[in-house]
Amino acid sequence: MDAGELSAGHGIIRGMRTRSFTITPVGEFSLDESALFGFGQRMRPTGVGARVEQFDGVMRLAFCLDGYHDQVGVELRQDERVVHAVVHGPGEIDAIRRQVARVLSLDQDACGFDQVGQRDLVIGRLQRAAVGLRPPLFYSQYEAAVW
């Protein structure tokens, strides 16, 4: 299994059945840094107001589940320690949770990652520039190959 803890629930949002789960990161993690880094930087285009980061606190993911049988949308929010997910669409909730955790590198214990930055000056500088950023990954090997 993976490093984070899981809790799941069900609910109704705007007439649509939703499900939810949580992931508790082991080690430093920032949803803000992940959302602003690898999943479509939320910045105004050049010439449209100030070029500033735009993040409303909700990271929205849409992807094909492993095996390509279902598509799903996931809204992610983070409180002080826990990442909360609301799932829209079909698919096994545990499979969705595992894929989200993998994509955000939350399926790994990152406690030793800080030590890497202490040994390697370049990594350390990057860690200080984006505190809590873990390597964001592609949803699938196919998507990685296409990129």
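Which residue takes a positive phi in the hairpin of β3 and β4? In that hairpin, which has 6 residues between the strands, Gly67 takes a positive phi near 95°. This is a predicted model, in which local features need pLDDT of at least 70 and side-chain atom pairs count only at pLDDT 80 or more, while totals for chains, interfaces and linings use all residues. Residues are numbered from 1 along each chain as its sequence is written, and side-chain values use heavy atoms, with hydrogens and water left out.

**Overall layout and confidence**

- The chain holds 5 helices and 5 strands, where helices (H or I, at least four residues) and strands (E, at least two) are DSSP runs numbered from the N terminus.
- Read from the N terminus on, the elements follow the order β-β-α-β-β-β-α-α-α-α.
- The mean pLDDT (the predictor's confidence in each residue, from 0 to 100) is 83 for the chain, and 78% of the residues reach 70 or more.
- Confidence is lowest in strand β1 (residues 6–13), with a mean of 50, and highest in strand β5 (residues 83–88), with 98.
- Of the 147 residues in the chain, 37% are buried, a word that here means under 20% relative accessible area, whereas exposed means over 50% and partly exposed lies in between (1.4 Å probe, protein chains only).

- Strand β4 (residues 71–78) pairs with β3 in the antiparallel sense over 6 bridges, and two strands are said to pair if DSSP finds at least two bridges between them.
- Within this pairing, Arg60 has Glu75 in β4 as its bridge partner.

**Aromatic pairs**

- The structure holds 2 aromatic pairs, counted when rings of Phe, Tyr and Trp (its six-membered ring) have centres within 6.5 Å, and called stacked if the planes are under 30 degrees apart, edge-to-face if over 60 and tilted for the rest.
- Phe63 and Tyr139 form a stacked pair, at 4.9 Å centre to centre and with 10° between the planes.
- That pair links distant parts of the chain, since Phe63 belongs to strand β3 and Tyr139 to the loop between α4 (121–129) and α5 (141–146), 76 residues apart.
- Phe63 counts as buried because its relative accessible area is 6%, and Tyr139 is likewise buried because its relative accessibility is 12%.
- Phe138 and Trp147 form a tilted pair, with 6.0 Å centre to centre and 40° between the planes.
- Phe138 is partly exposed at 36% relative accessibility, whereas Trp147 is exposed at 72%.

**Salt bridges**

- The count comes to 3 salt bridges, each being a side-chain nitrogen of Lys or Arg within 4 Å of a carboxyl oxygen of Asp or Glu.
- One of them joins the side chains of Asp56 and Arg60 at 3.0 Å, N to O, where Asp56 is exposed at 52% relative accessibility and Arg60 is partly exposed at 48%.
- Arg102 forms a salt bridge with Asp66, and the closest N and O atoms are 2.9 Å apart.
- This pair links distant parts of the chain, with Arg102 in helix α2 (residues 93–103) and Asp66 in the loop between β3 and β4, 36 residues apart.
- Arg102 is partly exposed at 27% relative accessibility, and Asp66 is partly exposed with a relative accessible area of 42%.
- The side chains of Arg77 and Glu75 also meet in a salt bridge, at 3.2 Å, N to O, and Arg77 is partly exposed with a relative accessible area of 34%.

- Asp94 lies in helix α2 and is partly exposed, with a relative accessible area of 30%.
- Asp94 and Phe21 are 73 residues apart in sequence and 8.8 Å apart in space, C-alpha to C-alpha.
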